[in-house]
Amino acid sequence: MRAVLRKKIIEVCDKKIASKGENVGVSFYAFFKNKNDDSDLLMEAAEWWIKTHQLDHFEKAAKVKAMVVAGE
């Protein structure tokens, strides 16, 4: 996973957790604007989320952040 995507995921998860608590859920779409301005990065996130880790559509932000920090 590219460093820019890793950083973005951690930042978004931190913001969601801070505003809604530890049980807040996210999907990989949360890391992108409604406008697809970087399809390669979106596909990288989708592959990591869906193919590599077989995560559900919504997962707890704390879990996703922990996975990214651990380098999974």
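**Stop 1: Gln54**

At 65% relative accessibility, Gln54 counts as exposed; the cut-offs are under 20% relative accessible area for buried, over 50% for exposed, and partly exposed in between, using a 1.4 Å probe and protein chains only. The model is a predicted one, in which local features need pLDDT of at least 70 and side-chain atom pairs count only at pLDDT 80 or more, while totals for chains, interfaces and linings use all residues. Residues are numbered from 1 along each chain as its sequence is written, and side-chain values use heavy atoms, with hydrogens and water left out.

Gln54 sits in the loop between α2 and β2. Its phi is positive, near 50°, in a residue other than glycine.

**Stop 2: the whole chain**

Zoom out and colour by secondary structure. The protein chain has 3 helices and 2 strands; these are DSSP runs, numbered from the N terminus, with helices being H or I of at least four residues and strands E of at least two. Along the sequence the pattern reads α-β-α-β-α. The radius of gyration is 11 Å, close to the 11 Å that the globule rule gives for 72 residues, so the chain is as compact as a globular protein of that length. That radius is taken over C-alpha atoms, and the rule is 2.2 Å times the number of residues to the power 0.38.

Turn the model around: the C-alpha trace spans about 30 × 25 × 20 Å along its principal axes. Of the 72 residues, 32% count as buried.

**Stop 3: helix α2**

Select residues 39–52, which form helix α2. From its first C-alpha to its last, this 14-residue helix reaches 18 Å, close to the 20 Å expected at 1.5 Å a residue; the expected span is 1.5 Å times one less than the number of residues.

Which residues of α2 are buried? They are Leu41, Leu42, Ala45, Ala46, Trp48 and Trp49. Show the elements around them: the cover includes α1 (3–20), β1 (25–26), β2 (59–60) and α3 (61–69). Gln54, from the opening stop, follows α2.

**Stop 4: the aromatic rings**

Show the side chains of Phe28, Tyr29, Phe31, Trp48 and Trp49, which ring pairs link into a cluster. Rings of Phe, Tyr and Trp (its six-membered ring) pair if their centres lie within 6.5 Å; planes under 30 degrees apart count as stacked, over 60 as edge-to-face and the rest as tilted. The count by this rule is 4 aromatic pairs. One of them joins Phe28 and Trp49: it is tilted, with 6.2 Å centre to centre and 55° between the planes. This pair links distant parts of the chain, since Phe28 is in the loop between β1 and α2 and Trp49 is in helix α2, 21 residues apart.

Are these two buried or exposed? Phe28 is buried at 7% relative accessibility, and Trp49 is buried at 1%.

**Stop 5: Ser27**

Step back to Ser27, in the loop between β1 and α2. Ser27 is buried, with a relative accessible area of 7%. Leaving out residues up to four places away in sequence, Ser27 touches Trp49, His57 and Phe58; contact means heavy atoms within 4.5 Å.

**Stop 6: the nonpolar core**

Nonpolar side chains tend to be buried together in soluble globular proteins. Here the largest nonpolar core has 21 residues, and those with the most contacts inside it are Ile9, Phe31, Phe32, Trp48, Trp49 and Val64. Such a core is a set of buried Ala, Val, Leu, Ile, Met, Phe, Trp, Tyr and Cys residues joined through side-chain atoms within 4.5 Å. The elements giving two or more residues to this core are α1, α2 and α3, and α2 gives the most, with 6 residues.

Select Val64 and show its surroundings. Apart from neighbours within four places in sequence, Val64 is in contact with Ile9, Cys13, Val26, Phe31, Trp48, Trp49 and Glu59.

**Stop 7: strand β2**

Go to Glu59, found in strand β2. Glu59 counts as buried at 11% relative accessibility. Neighbours within four places in sequence aside, Glu59 is in contact with Val24, Gly25, Val26, Trp49 and Val64.

Now select Lys60, which also lies in strand β2. Lys60 counts as partly exposed, at 41% relative accessibility. Not counting residues up to four places away in sequence, Lys60 touches Glu22, Asn23, Val24 and Gly25.
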